[in-house]
Amino acid sequence: MSDQNPKLDHLFLAVGGLLTGAWWVKNQNDQAKKSRAEKDDPDGVEEVCSEIAPILDDWEPDGCETEDDYVQNLFDYLDEETDFEIEMFPNTREGKPDILINDLLALEVKVNLSKNERNRLIGQTAGYSREWVTWIVLIDTPASRIGSLEKLLADKGLQYILVFTFS
C-alpha cells in the first residue's frame, strides 16, 4: 500500500501522532488532577476507597440533630466497620476535613446544604482534593441542590469529587 500512495502513509502517521498527542495531554491533565495521596500511594487509595464506599453506602445515621452529631455518628460507624486509622476534625495545612481516613480519603459532611454553604464547600473540597481523595456526604439535601452542586463541581473541574446522599 505504501508503494501505491505514499501520501496516505504520512496522513496515517499524522493522524496517529495527533491521537497519541491527545492521549498524552489527557493523561497529563488526569495526572495533574490527582491528589498527593493518589500519586504517592495509589494502591493504598484504591484499598481505602473500595472498602469505604460500600460501608458508607450502608450507613444509616441515627439520633442526629446537628451536623457535628452526624459527623460523630459517621466517625463511630466507620471506626467500628474498618481497621483504617480514622481521624475526626484533624488540623491540617489544607484545612480541617470532617473525617480523614488513613491520610488518604477526606470526607466532608453537610446537612441540608444551602447555597452559601455550597460555595464554601466547593472551596473546602477543592483544597482537600489537592492532598487526599475527597468525598462529600450530603444529608437531608433537596435533589435540586444536589444536582446544582454536582454541576458546579463539574464546571470547576472537580467532577472527580464523589457525592454521597442520605435522607
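**Entry 1: Arg93**

I started at Arg93, which counts as exposed because its relative accessibility is 69%. I keep in mind that this is a predicted model. I then looked for a charged partner. The side chain of Arg93 meets that of Glu131 in a salt bridge, 2.9 Å from N to O. Glu131 sits in helix α5 (residues 115-131) and Arg93 in the loop between β1 (86-88) and β2 (99-101), so the pair ties together parts 38 residues apart in sequence. Is Glu131 buried or exposed? I find Glu131 buried, because its relative accessible area is 10% and the cut-off for buried is under 20%.

**Entry 2: Arg130 and Glu94**

Arg130 forms a salt bridge with Glu94, and the closest N and O atoms are 3.1 Å apart. Arg130 belongs to helix α5 and Glu94 to the loop between β1 and β2, so this pair ties together parts 36 residues apart in sequence. I note Arg130 as exposed, with a relative accessible area of 54%.

**Entry 3: the network**

Which residues are linked with Arg93 and Glu131 in a network of salt bridges? I list Arg36, Asp40 and Asp103 alongside those two. I looked up Asp103 next. Asp103 is found in the loop between β2 and β3. Its relative accessible area is 37%, so I log Asp103 as partly exposed.

**Entry 4: positive phi**

I checked the backbone at Asp103 too. Its phi is positive, about 55°, although Asp103 is not a glycine. Most residues other than glycine have a negative phi, so I flagged this one. Asp140 went on the list as well: its phi is near 50°, again a positive value in a residue other than glycine. Where is Asp140? I place Asp140 in the loop between β4 (133-139) and α6 (143-155). Asp140 counts as partly exposed, at 39% relative accessibility.

**Entry 5: Glu67 and Lys110**

I searched the whole structure for salt bridges and have seven. One of them joins the side chains of Glu67 and Lys110, at 3.9 Å from N to O. The pair links distant parts of the chain, with Glu67 in helix α4 and Lys110 in strand β3 (residues 105-111), 43 residues apart. I compared the exposure of the two partners. Glu67 is partly exposed, with a relative accessible area of 24%. Lys110 is buried, at 4%.

**Entry 6: the negative patch**

I moved on to surface charge. A negative patch is formed by Asp57, Asp58, Glu60, Asp62, Asp76, Asp79, Glu80 and Glu81. Which helices each supply at least two residues of the patch? I get α3 (42-58) and α4 (67-81). The largest share, four residues, comes from α4. I picked out Asp58, which lies in helix α3. Asp58 counts as exposed because its relative accessibility is 52% and the cut-off is over 50%.

**Entry 7: the whole chain**

The protein chain has six helices and five strands. Along the sequence I read the pattern α-α-α-α-β-β-β-α-β-α-β. How much of the chain is buried? I note 38% of the 167 residues. The chain exposes about 9900 Å², and carbon and sulfur atoms supply 49% of that area. I also looked up contacts between residues at least 6 apart in sequence: 63% of them join residues at least 24 apart.

Note on methods. Residues are numbered from 1 along each chain as its sequence is written. This is a predicted model: local features need pLDDT of at least 70, side-chain atom pairs count only at pLDDT 80 or more; totals for chains, interfaces and linings use all residues. Side-chain values use heavy atoms; hydrogens and water are left out. Buried means under 20% relative accessible area, exposed over 50%, partly exposed in between (1.4 Å probe, protein chains only). Contact means heavy atoms within 4.5 Å. Accessible areas come from the Shrake-Rupley method with a 1.4 Å probe; for residues, only the protein chains shown count as cover. Patches are made of residues with over 30% relative accessible area and no salt bridge: like charges are joined within 9 Å, nonpolar side chains (Val, Leu, Ile, Met, Phe, Trp, Tyr) within 5 Å. A salt bridge is a side-chain nitrogen of Lys or Arg within 4 Å of a carboxyl oxygen of Asp or Glu. Lys and Arg count as positive and Asp and Glu as negative; His and the chain ends are not counted. The place of a charge is taken as NZ of Lys, CZ of Arg, CG of Asp or CD of Glu.
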